[in-house]
Amino acid sequence: MELEEKNPDPKYGESRKFDPNFKGPIHNRGCTDILCCILFILALLGYFAVGILAWSQGDPRKVIYPTDSRGQFCGQAGTPLEKKPLLFYFNILKCASPLVLLEFQCPTTQLCVESCPDRHLTLVKAKLGNKEDREYYQKFCKEGVDFAALSPPELLRDGLCPAMLMPSKPFTRRCLPALGTMKGGVVVVGNETTFDAGQGVSINASEVLEASKKSNVVVEARQVAMRIFEDYTQSWYWILLGLVIAMIVSLIFIVLLRFLAGVMVWVMIVLVILVIGYGIFHCYMEYASLKGEPGADVTIRDLGLQTDFSVYLQIRQTWLAFMIILAIVEVIIILLLIFLRKRILIAIALIKEASRAVGHVMSSLFYPLLTFALLAVVIAYWAITAVFLSTSNEQVYKVFNNSECPFSRDTCDPQTFNTSNASAQCPDAECLFAFYGGETVYHRYLILFQFYNVFLFFWCANFVTALGQVTLSGAFASYYWAFKKPDDIPAYPIFSSLGRALRYHAGSLAFGSLILSLVQVIRVLLEYLDHKLKGAQNKFAKFLLSCMKCCFWCLEKCIKFLNRNAYIMIAIYGKNFCTSARDAFFLLMRNIVRVAVLDKVTDFLLFLGKLLIVGIVGIFSFFFFSGRIKAVEEAAPSLNYYWVPILTVVVGSYLIAHGFFSVYAMCVDTLFLCFLEDLERNDGSAERPYFMSQNLLSLLKKSNEESKSMD
């Protein structure tokens, strides 16, 4: 029975020859790409060394606790400041200085306090007032100050006490003025528009507002992050429940696909169309309901960036944009289904065969759990190392002054500052904590350690992914090349394949992962440059950078495709990475028509399955967290941004669905390459029988008919 395609182009190599001894993945194989394996081990040892160095030098408390002028952490347990968790600024008006934008530090004394001031009080009034006022004011002076013995000018000259206190509220552990607005937009602090600074100077509340904004230049960026963190603390168990539901739905879908592949694919297609259609309908109803509402016709451009993202859902343009995007996606999917209707029938046959393979290698469904666990370890190690590296700088102190001083902004030592020349020549100068930095060899090369951390993260993550691909492809290849199924299938195909991959081909996996990681790091650098050039006016540079980003994105996709097929050939034949990549590429090019007819259409159908699971879980999470389901309205947590858990559940559901469907995708790709190898090795005769099942034989006939229609 001759079912061969027309003679392939000789420039893509010769077809495989018949080998009566070939029975699937070769067991007698040797180690491949040993040099790259050694390089990967050395890189890992260096990675551990960087981690140990970072953990010995870093201090995550620097990103948790605010720091006073002496570099001490406010509120840190086990220290004298344990009961003083808040940071108080002596003169918040100095935070309006441009220095804040350069060094992210206010040029004024900062003190750890138990609570923020709740009243307006000047130093002079406190000295002349009753005992209660003096004791209250002394809480905001430096420790050990003899408040009763020293006069106000002496206290101010030596920087021991602030000139005045104003009503403040804690925000991200910092005492910031309790700003508000009255009718007419008048800015007030504690219902007062002006303050007596204590030296015959009157301060307007608007000046305090400007200073607060500058002092909050870093803190403002954390406002949204803190609200998001609060939402996570309120809804984490519901998020976990949503992810568990996504896992159960994915598992049920995979099991049903095993027994009802044809029916499930068509059900999946119809449900995807219906889910997206409902999304369009819902967006239209929201768009129509906002007609005539005050402020609903404001554009997104006019609204600008808002920290309260729910504001965007109150304008019609947002829902119109969502509706248009979903409508475009719906039209594209329907058009693809119309044009690919014949090839979908062929792809369903390949999915049915993949279902049989998964049914005989059921342990493959649980292998993604190992991949998830290994990736979680890689991500956790990278994140912890990054935090320790970023907090491994030392405390740098600088001279801050009010009058002219030759030592202004010079580095100083707070222990010896009072006896130094700077203190003698500049009486009003202070040696205050400025920022975290350092001049040692370690600190000079800190940026290289950060880069190395990112690079090894990509390399390790890609290695874990490659290990999973080789393991699964080796197991499914064992299924395909078993002449009598399931009798000839090895007892533990997943464990056997995993053992071969780690014992013989760790170097090849490291080689393929290294190539991909280099491209990914280049893409990260391009994104960094793009971020730096956002304010630039050179349009040619922006255009060139955009072209490079596009080219490297395409290159990354091509390398991922080649690596995937190379790993399949490694699992089957046990050759090195370059030889396997070449053989896989030539095999695909010799059968390019079948690749277009079968493989890519199957990938599209599996993508629709992931889209369906994400859509179902996403819709239910939207109605739950937004409080639109009356039956469970009271159970829904109270949130700042209900889109935070929704987005988390959607992204997590996609990753979970991708993990389960990746088994099917790897199975389809492996069976497809084995299918092409089978066609080249055998002719279906009694002497050279096909290893493929009857299902694949009928699939081959259909693909040949489809191929002729494409010629």
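This is a predicted model: local features need pLDDT of at least 70, side-chain atom pairs count only at pLDDT 80 or more; totals for chains, interfaces and linings use all residues.
Residues are numbered from 1 along each chain as its sequence is written, and side-chain values use heavy atoms, with hydrogens and water left out.

Let's start with the helices, which are DSSP runs of H or I, at least four residues, numbered from the N terminus. Helix α18 (residues 539–573) packs on helix α21 (residues 643–681) at an angle of about 65°, with axes 10 Å apart. Those axes are lines fitted to C-alpha atoms over the stretch in contact, and angles run from 0 to 180 degrees between N-to-C directions. Contact here means heavy atoms within 4.5 Å. From α18 the contact includes R564 and I568, and from α21 it includes S662 and M666.

Now the pockets. A pocket is an open set of points on a 1 Å grid over the protein atoms alone, where a 1.4 Å probe fits, with protein on both sides within 12 Å along at least five of seven lines; lining residues have an atom within 4 Å of a point.

For the second largest pocket, 35 residues form the lining, and L326, G618, I619, I646 and V650 are the closest to its centre. Here α20 (592–625) brings the largest share, ten residues.

Key:
Helices (H or I, at least four residues) and strands (E, at least two) are DSSP runs, numbered from the N terminus.
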